[in-house]
Amino acid sequence: MTAIHAIAEPAQDPAYAIAMAQFNAVADRLGLDDGMRALLAMPKRELTTNFPVKMDDGSVRVFTGYRTQHNLARGPAKGGIRYHPQVSLSEVRALAMWMTWKCAVVNIPYGGAKGGVAVDPKALSQGELERLTRRYASEISLIIGPHSDIPAPDVNTNARVMSWILDTYSMNVGFSVPGVVTGKPVELGGSQGREEATGRGVAIVAREAMQLMGKPLQGARVVIQGFGNVGSHAARILHQWGSNIIGVSDSSGGVFNPKGLNPSDMEEFRAAGGRYCDYPGNNCITNAELLELPCDILVPAALENQITERNAPSIQAPLIVEGANGPTTPAADAILKERGITVVPDILANAGGVTVSYFEWVQGLEHYFWSLEEVNDKLERIMTHAFNEVAAFSRRESVTMRDAALMLGVQRVVQAVKLRGIFP
Ligand code: NAD
């Protein structure tokens, strides 16, 4: 078998190396032939755009954005849009590939995609951010659409950004197309429960994993890296279910409180301009220290490449639930396996977001909207079913949950490719 290596690009993002190493290992296990391996290793279609934005001071800056569609065999492309200074084509490629496997693991009818702009959105005014978003949306309108490729929020993007994309796309075609994005506000056809869906999914699989390990969720000590959309909702829901959130962090650093933190109070404190460190009773720590805290559940919910061969030997959590995409390197994975640490992998653990995005898309196509209870109930069923399928696969094949999830996901995509055949 020929291993497919990184596509040439000046600087490869570590996420791409992680995604390719995972894919090559799973392709070996599944015995994929060279043609199928090459087909699945490469993105189907990708767009790079360098586009100008008028800044508030009258100058013009050129930004670079991407949209990659990895594989469309199981349905339209689906995946978030990220705004971050380190966004690169290879990072977007990796994230798009993970979206393909993720949609297949939870068995929703989508292929994988991802997009992003290399920008620090915190350095832009609201007006600059809107103009950047609208121009980027116009540029990628060539390949996105409600039946072809449907973006959603990711790091540093949210319902506000999705509204601008929806409006820009609609202005360009001349009529309203709410189905072009998910994660939009409920007032514009968004779904109840979408904003918290990824965090809720993380909490559900954490609960299922604890049950499988014969440990109580009640009183379990939880540490969460990245207190954004995914991390903060996961923290709030696990706290509601009786767990003890003892450490959280964001890009500025972390805090630790062995007595437990109240996630809602922390969010309010932060929203009012406070620093986590100054919250009464908290100890300030670095993100590196946070990952090594003694706890029962560790949830990396920030960015890729956080648990590496350097810190994997010092992780004290017996259970890691990956809220972020690609937080663990393959070398770290091997160490965690050796140490008997259970990892609920990203493509299963954070699939709640794309699942409720799918619900949003379905509700929009039917023009008929569900209650929060209906959404949460359907999410609960899909997440627990996927968790049980992956856990059973892992037991049956004596592989880690990551290998099981990847094998299950890749197998489903292979089956779809074979059923459709090769055009022409
Ligand atoms: P977000 O922008 O809402 O939050 C990211 C958080 O991580 C912020 O608190 C930020 O300060 C923090 N952070 C950034 N760099 C950090 C660092 N080096 N160390 C510690 N914290 C850091 O983003 P999000 O939507 O919550 O996404 C987080 C992760 O979850 C990403 O990997 C994303 O791809 C993944 N994800 C998101 C969704 C979704 O629905 N939003 C769905 C699936 C997966």
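1. Phe 269 is partly exposed, at 24% relative accessible area (buried is under 20%, exposed over 50%, partly exposed in between, with a 1.4 Å probe and protein chains only). This is a predicted model, in which local features need pLDDT of at least 70 and side-chain atom pairs pLDDT 80 or more, while totals for chains, interfaces and linings use all residues. Residues are numbered from 1 along each chain as its sequence is written, and side-chain values use heavy atoms, leaving out hydrogens and water.

2. The structure holds 9 aromatic pairs (rings of Phe, Tyr and Trp, the last by its six-membered ring, with centres within 6.5 Å; planes under 30 degrees apart are stacked, over 60 edge-to-face, the rest tilted). The rings of Phe 269 and Tyr 279 have centres 4.9 Å apart and planes at 80°, so this pair is edge-to-face.

3. The rings of Tyr 358 and Phe 359 are tilted, because their planes lie at 45°, with centres 6.1 Å apart. Phe 359 is buried, with a relative accessible area of 4%, and one aromatic cluster is formed by Tyr 110, Tyr 358, Phe 359, Trp 361 and Trp 370.

4. Asp 149 is buried at 0% relative accessibility. The Asp 149 side chain makes polar contacts with the side chains of Arg 67 (2.6 Å) and Gln 69 (2.9 Å) (N or O atoms within 3.5 Å; within protein, one able to donate a hydrogen and the other to accept it, residues adjacent in sequence counting only if both atoms are side-chain atoms).
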